[in-house]
Each structure stands twice: as structure tokens, then as C-alpha cells.
Amino acid sequence: MDNVILIGLAGVLAAAAPVLFAVVGETITERAGVINLSLNGTILLSAMSGFAAAYKTQSLLVGFLVGMLVGAIVAFVVAFGSIALRQSQVAIGFVLALTARDLAYFLGVPYMNVPGPTLPGLPLPLLKDIPVLGTLFFRQNAITYLSFLLILAAWIWLFRTRPGLMLQGVGERPAAAFVRGANVNRLRYLYTIIGGAIAGLAGPAYTLSIKPGWMGTQTGLDGVGWIALAITIFGGWNPWRGALGAYLFALLQWLGLVLQPNLPNIPSQVLQVAPFPLMILTLLLVNVGDAEWVQRWLASMPDKTRRLAVKALRAMRASPPAALGTTFERD
Amino acid sequence: MKKNIWINLGFQAGAFLLALLITTLILIFAGAPPLKAYGSILSGAFGSQKNLIAVLISWSPLLLTTAGVLITFAAGLWNIGIEGQMTLGAIFATWGLRLFQDTNVSPALIIAIGLLFGMAGGALWAALAGALKTFGGVNEIFGGLGLNFVATALTIYLVFGPWKRPGVGSMSGTKPFDEKLWLSTLPGTALSPWGIGLSILAVIVVFILLRGTYFGLKLKAVGKNMRSAFMLGVPTWQYSMFAFLLCGAFAGLAGAIQVEAVYHRLLPNISNGYGFLGLLVAMLINYQAIWVIPIAFFFAALNVGSIQLQIVHKMDSSFAGVLQDLLVLLILLGQGARERLLKKA
């Protein structure tokens with residue numbers, strides 16, 4: 001019995017990998033001050049094109065690289081439109097989310113329901129035999145290991161290196177970063193594209209691993225990108241907390257599947273949307289502490305309760321990079 | 001000034017041609033003969049009276065959603081939740097008709113009640129997104145998106161659960177309503193003059209509201225700079241909320257018309273992307289209400305025409321979406337390019 005649960009949880013870690021790529025990629029992009037709202041389209045288009053490329057070349061590596069390339073290209077358009085042409089990041093991102101989605105469905109027709117290559121498991125020698133941990137962490141496939149490493153790498157880069165400090169500066173106080181010698185707009189281009197490329201791994205991670213194959217609108221990936229954007233906020237623009245969000249999301253989806261047989265009166269489509277009200281709820285918890293009525297309500301509480309409540313709200317709160325979504329001009 | 005208009009037009013024409021060029025390349029890449037493909041879109045939209053009527057049928061909800069988001073855009077809000085608001089409109093309209101269908105209330109009144117229920121349902125769903133933003137700090141994009149998915153799930157639950165047609169529930173929707181509860185349509189079609197009339201009326205209302213009223217001015221002030229508007233004494237959150245309610249009511253009406261005139265029942269995915277398409281149309285016309293009527297017609301024609309593409313060339317009908325999306329994207333980029341070039345000159 002324990003074993004069944006362990007294997008299930010190992011599956012949750014694997015299933016979270018694509019969301020994790022999207023969340024970490026978006027975290028890096030937003031840390032630099034750019035919102036890439038196109039994530040949902042990026043994931044669908046990279047899922048389709050990554051699968052198509054792997055199918056044609058019979059090379060998984062090519063599939064993942066093509067996914068990254070697609071993510072980078074879409075991100076470049078976001079950066080170009082908002083930095084060089086000073087259009088609203090939200091507008092460009094939203095339109096791109098639709099463009100990439102429709103392109104995926106249109107161009108993906110020839111690859112629908114064809115059997116393609118899938119990523120094999122890669123149990124790590126020795127490590128896989130550690131009780132519990134071995135089953136959970138070391139009997140995964142390459143892309144899942146990469147997702148583990150990515151959390152750590154992104155955290156180190158953001159918070160433990162000099163370029164990472166500069167990256168934060170570009171998103172928090174671009175003018176100050178500029179004075180310190182940062183080429184603000186070039187760095188924003190760079191990190192938007194890198195973030196997009198990482199998010200572009202999410203698509204192939206689905207179609208070449210978690211949910212093999214391309215089935216057009218039946219692939220069931222539409223919406224994941226929006227969830228990933230919300231998890232980025234929930235994660236407070238920190239890779240660890242973002243990863244926690246991705247794992248919670250995957251855990252809930254798994255629980256939904258496991259519990260489905262016990263709830264015969266609820267159509268499966270209804271359980272599938274359970275993450276979305278939860279997304280609203282978590283965003284509410286993250287943000288509600290700043291609302292005026294909450295502040296007033298807190299002020300009217302007895303001291304002891306208030307301190308507890310403030311602590312709880314502060315633990316959940318997340319503030320975005322100060323210059324998120326704004327343009328920077330040098331003068 | 002006059003020169004600027006020409007430059008402006010030039011950039012828009014350029015963006016349009018570039019979008020067409022890119023979609024042509026995409027068609028070639030997908031292995032379709034581009035000219036034949038465009039031809040079949042045209043004939044699919046205008047080739048017969050039946051097709052033209054189909055265009056008009058999808059024009060009506062698009063007019064309503066575009067009119068709605070023009071209000072929320074004026075208030076500086078990204079009402080992505082409009083899909084769900086339209087869906088709730090359809091659900092509430094169905095609910096209204098079901099409540100009264102077995103009573104001896106006159107059919108005309110029941111139909112009107114259904115439309116009002118639809119507007120109320122859309123407004124309610126929009127109010128939810130608005131309250132989440134105003135009182136919970138949840139950005140309307142995420143609140144709205146989440147509510148869209150919830151609305152779809154609610155429809156599926158109703159269609160397969162409490163409102164399922166006798167026997168087994170199916171994706172084809174609830175049991176059709178009695179013919180006397182249908183919104184009157186042109187004989188032999190699903191085109192309702194009432195639907196078209198109400199939709200055009202909505203566009204006119206929005207045009208007047210934003211152009212010629214003090215209310216519209218204040219709404220735009222809230223959208224441009226909420227802080228200054230507040231300082232000037234505009235009750236800002238009430239204005240945002242009102243924009244949500246009005247947009248939701250329009251979207252709800254669109255949903256109700258789909259139920260009462262087009263499908264005569266509730267079915268999954270009844271909003272059919274009209275909400276997002278309305279956002280695209282609003283962006284394409286740079287939020288100028290005067291252009292809603294022709295551009296929405298053009299987009300509706302693309303939608304209907306691309307169905308032909310699917311039948312004749314076995315291409316996915318999402319091609320219409322590709323063309324529409326790229327058009328809006330390039331118009332946005334073209335605007336930026338023009339501003340940049342004019343500034344330098």
C-alpha cells in the first residue's frame with residue numbers, strides 16, 4: 001500500500017515538471033520587469049512543434065530544443081513589442097497567447113494521434129535503491145531530473161550571484177541599475193528570451209513525456225499556462241515557493257484522478273477545473289492582506305489575534321518586482 | 001495633422017498586408033494552396049445566402065462582447081472573464097425559460113424574462129471578478145480566467161446533471177425548448193432580427209456613453225489614472241464595478257441570444273470564443289467604438305468562412321483565429337513602430 005502511494009507521489013513530481021518549467025521561466029522573466037502573458041500559447045505551440053520535430057527526426061533532444069526555440073521566439077516578440085515599440089506587455093502577451101494557441105491547433109493537424117517517441121525512464125544507479133527517497137526522486141526520467149536541478153540553479157542565479165543581483169535590480173529599480181552600469185533593456189531582452197526558452201520546455205515535457213502525443217484540442221493542455229502564471233504570483237517570484245506551488249497543483253490533479261471513482265455523480269470535466277477556483281483562492285490569500293477592509297478589520301481586532309493574523313497574512317503575501325510591466329527610458 | 005492621418009493609415013495598411021503575408025506563408029508551410037484557401041474563406045462567408053446569414057448570426061454576439069469590453073477597457077480593466085460572463089448569461093437564460101416554461105405566462109414575456117435573466121447572470125459573474133479585484137486584490141485577468149473555467153464546468157455539470165435531456169445527458173446539450181419560446185427568427189434560419197437589433201443598440205449605447213457623456217469622461221479618467229481620478233472626486237471603485245456590471249450584462253445578453261435564437265438549448269462551450277474575439281476586435285480598432293460594426297462583421301465573416309476551409313481543404317478552422325490574432329498583433333506592433341518613427345522625425 002505504501003508503495004502505491006510512493007509511486008503515485010513520484011508520478012506527481014514528474015507531472016509537475018512542465019508546470020515547473022513554465023513557472024521558473026516566468027519567474028526569471030518577471031524578475032527582470034517583463035510580464036510574458038503568452039505562456040498558455042507558448043506551452044501549446046511548443047508542445048505541438050516539439051512533438052512534431054521529435055516525430056520527424058526521431059530525436060527527443062531535437063524535440064526539446066525546438067520547444068525551447070519556440071518559447072524563445074514568442075518571448076522575443078513580447079520583448080520587442082514592449083521594449084522597442086513600447087506597447088502594453090499585457091496586450092501583446094494576450095494576443096500572442098491566442099496566436100500561438102491557434103497556430104498550434106492549425107499546424108498540428110498532420111501530427112494528431114500519431115505515435116511518437118517518448119522519453120524513457122532513467123533510474124539512477126545506487127541512488128534508486130535508497131528506501132523511499134529512491135522511489136520518489138531517483139527513478140524519474142531526464143526531464144524530471146532537469147526540473148529538480150532547475151529550481152536550484154534558478155535560485156542560485158537569482159539570489160546568490162552578481163548578475164542575478166543585477167537582474168533583480170533591473171526589475172525593481174531600473175534607473176538605479178542603469179546608474180550601476182546595467183544595460184537595462186538589453187538585460188530585459190535577454191531574460192525574457194531565456195525565461196521563454198525555459199517555459200518552452202514545458203510543451204515537449206508534456207507531449208514527449210507526461211501526456212505523450214499530440215491530439216489537437218483534445219490534448220488537454222489549454223489552461224495550464226494560465227495556471228502557471230498564477231503560480232508564479234503565488235510563488236512570490238521565488239523559484240522554491242514557485243516549485244511548491246507547481247507540486248501542490250500536480251498533487252491536487254492527482255488526488256482528483258484518484259478520488260474520481262468515489263464521486264460518480266460529478267462528471268470528470270468538473271473535477272478537472274478544480275484547480276481554477278483554487279487558483280483564485282490562493283491569489284486571494286496572497287493579495288488580500290493589502291486590501292483596505294482587511295486592514296480596518298485587523299485594526300479592530302484584539303492585540304493578540306491581530307499579531308497572529310498579520311503574521312499569517314504576511315507569510316502568504318507576495319509583492320511583485322516594483323518595476324514589473326513598466327518601460328524604461330534612459331533619460 | 002492631416003499628414004498624420006495618412007501616415008497612420010499607411011501603417012495600418014502595412015500591418016494588414018504583413019499579417020496577410022505571414023498567414024500566406026503559414027498556409028504554404030501547411031501545404032495548402034493559399035489563393036484557393038482565401039477563395040474558399042470568401043465563398044464560405046459570402047458565397048450563398050445561407051452563408052451570409054451564418055455570418056450575421058455570429059456577428060450579433062461579437063457586437064455585444066466588443067461593446068462590453070470597450071466599457072471595461074475605458075475603465076482600464078482587462079475583462080478576460082467575458083467568456084464566462086457570456087456562458088453565465090446562457091445558463092441564466094436557460095434557467096429563466098425553465099422556470100416559466102410550464103406556467104401560463106405568455107411566451108413573449110417568458111422570452112423577455114430569459115433575456116433579462118441572461119443579462120443578470122452575466123452581470124453577476126462580472127461582479128464576482130470585480131469584487132475579487134476591488135476587495136481581494138486579485139488581478140482581473142486571473143480572477144476572470146478562473147471564472148471562465150468555472151463557468152464552463154458549471155455548464156457541463158448542468159447539461160449532464162440536473163438539466164440533462166430525458167435519458168442520457170450528452171455533449172449536444174439540454175433538451176431543446178418548445179418552439180413558442182424561441183426568439184423569433186427570419187423564416188428557416190437562426191437569424192433573429194431582435195438579436196441583431198439589440199446588439200447594434202448596445203454598440204450605439206456604448207458609443208454615446210463613451211463619446212458624449214460626463215459619465216464616460218469620468219470612466220475614462222478612472223481608466224487613465226485611477227489616483228488622479230480619485231483625487232478629483234470620482235468614486236473610483238464604484239466606477240470600475242459599474243464597468244464590470246455593464247460589460248457582464250452585454251455578454252450575458254449575448255449568451256441569452258445564443259440560447260433563445262440560435263441553439264434553443266444550453267450546450268457546453270456556448271460562448272464559443274466570442275468573448276476573446278471581442279477583446280481582439282476592441283484592440284484592433286484601438287478602442288474606438290465607431291469601428292465596432294464593420295470590423296466585427298469582418299471577423300465574423302472570417303470565422304464562418306474558415307468553416308468552409310475545413311470542409312474543402314481539410315484544414316483546421318482555427319485558421320480564422322490565426323489570421324485574426326496576427327492581424328491584431330501586427331496592428332499593435334505597427335502602432336508602436338509608427339509612434340517611434342514619428343517621435344524621431
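Is Q58(A) buried or exposed, going by its C-beta neighbours inside 10 Å? Q58(A) counts as exposed because it has 10 C-beta neighbours inside 10 Å; a residue is buried if 20 or more other C-beta atoms lie within 10 Å of its own, exposed if 12 or fewer, and partly exposed in between, with C-beta atoms placed from the backbone. Please keep in mind that this is a predicted model, where local features need pLDDT of at least 70, side-chain atom pairs count only at pLDDT 80 or more, and totals for chains, interfaces and linings use all residues. Residues are numbered from 1 along each chain as its sequence is written, while chains are lettered from A and ligands numbered from 1 in the order in which they are written.

**Chain A as a whole**

- Chain A has 16 helices and 0 strands; helices (H or I, at least four residues) and strands (E, at least two) are DSSP runs, numbered from the N terminus.
- Chain A is as compact as a globular protein of 331 residues, because its radius of gyration of 21 Å is close to the 20 Å from the globule rule. The radius is taken over C-alpha atoms, and the rule is 2.2 Å times the number of residues to the power 0.38.
- Along the principal axes, the C-alpha trace of chain A spans about 55 × 50 × 45 Å.
- Of its 331 residues, 47% count as buried.
- Take the contacts in chain A between residues at least 6 apart in sequence: 79% of them join residues at least 24 apart. Two residues are in contact if their C-beta atoms, placed from the backbone, lie within 7 Å.

**Spots to look at in chain A**

- Q58(A) sits in the loop between α2 (39-57) and α3 of chain A, and has a positive phi of about 55° although it is not a glycine.
- N113(A) belongs to the loop between α4 and α5 (133-137) of chain A, and its phi is also positive, near 55°, in a residue other than glycine.
- For background, most residues other than glycine have a negative phi.
- N113(A) counts as exposed because it has 9 C-beta neighbours inside 10 Å.
- K311(A) is placed in helix α16 (residues 303-316) of chain A, and counts as exposed, with 9 C-beta neighbours inside 10 Å.

**Helix packing in chain A**

- Helix α3 (residues 60-84) and helix α10 (residues 202-210) of chain A cross at roughly 145°, and their axes come within 8 Å. Axes are lines fitted to C-alpha atoms, for helices over the stretch in contact, and angles run from 0 to 180 degrees between N-to-C directions.
- The crossing of α3(A) and α10(A) is right-handed; a crossing is left-handed if the near helix is turned anticlockwise from the far one by less than a right angle, and right-handed if clockwise.
- From α3(A) come L60(A), G63(A), F64(A) and G67(A), which meet G203(A), P204(A) and L208(A) of α10(A).
- By class, this contact of α3(A) with α10(A) has 4 nonpolar, 3 polar and no charged residues. Ala, Val, Leu, Ile, Met, Phe, Trp, Tyr, Cys and Pro count as nonpolar, Asp, Glu, Lys and Arg as charged, and the others, Gly among them, as polar.

**Chain B and its domains**

- Chain B has 13 helices and 0 strands.
- Its radius of gyration is 21 Å, close to the 20 Å that the globule rule gives for 345 residues, so chain B is as compact as a globular protein of that length.
- The C-alpha atoms of chain B fill a box of roughly 70 × 60 × 30 Å along the principal axes, and 54% of its 345 residues are buried.
- Chain B is divided into domain 1 (1-32 + 316-345) and domain 2 (49-314), with bounds from an automatic or database domain assignment.
- The C-alpha centres of these two domains of chain B lie 28 Å apart.
- In chain B, 12 residues of domain 1 are in contact with 11 residues of domain 2. The domain 1 side has 8 nonpolar, 2 polar and 2 charged residues.

**Helix packing in chain B**

- Helix α4 (residues 82-100) and helix α5 (residues 107-136) of chain B pack at about 145°, with axes 7 Å apart.
- Their crossing is right-handed, and the contact of α4(B) with α5(B) has 18 nonpolar, 8 polar and no charged residues.

**Where the chains meet**

- The contact takes 35 residues from chain A and 36 residues from chain B.
- On the side of chain A that touches chain B, α4(A) gives the largest share, 12 residues.
- By class, that side of chain A has 26 nonpolar, 6 polar and 3 charged residues.
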